[in-house]
Amino acid sequence: GAARAAMSPDESAAALAQLRFLTEYVQITVVDRVVAALGVPDARLRVTLISSYLVGVSTTRYLLRIEPLASATDDQVVALVGPAIQALLDPTRKPGE
């Protein structure tokens, strides 16, 4: 996007390498561990959806600071986000239920 256009080719390459490293790190340290703990056939999809959801919420709240999410209390956010995460962690729930 716009940030990338403002970077030199060397800076873009370095940023891309860091992003790849971060992706690999998250896969190994978070996703793979949770997948193993869930033990359901679609665990990788569930965990990837959860991490995507949480990254989106965090980015919107802390980086972009979009209201009303930015000023919501932690308890408000947890009350709304928690059930969605729990539903994805529930191995008895099939996709589409």
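R61 is buried, with a relative accessible area of 8%, where buried means under 20% relative accessible area, exposed over 50% and partly exposed in between (1.4 Å probe, protein chains only). The model is predicted, so that local features need pLDDT of at least 70 and side-chain atom pairs count only at pLDDT 80 or more, whereas totals for chains, interfaces and linings use all residues. Residues are numbered from 1 along each chain as its sequence is written, and side-chain values use heavy atoms, with hydrogens and water left out.

Three salt bridges are counted, each being a side-chain nitrogen of Lys or Arg within 4 Å of a carboxyl oxygen of Asp or Glu. R61 takes part in one of them, with D74, the closest N and O atoms being 2.9 Å apart; this pair links distant parts of the chain, D74 lying in helix 4 (residues 74–89) and R61 in helix 3, 13 residues apart. R46, which counts as buried at 7% relative accessibility, forms a salt bridge with D42, with the closest N and O atoms 2.8 Å apart.

In the salt bridge between R44 and D32, the closest N and O atoms are 2.8 Å apart; R44 lies in helix 3 and D32 in helix 2, so the pair ties together parts that are 12 residues apart in sequence. R44 counts as partly exposed at 39% relative accessibility, and D32 likewise counts as partly exposed at 32%.

Notes. Helix = DSSP H or I, 4+ residues; strand = E, 2+ residues; numbered from the N terminus.
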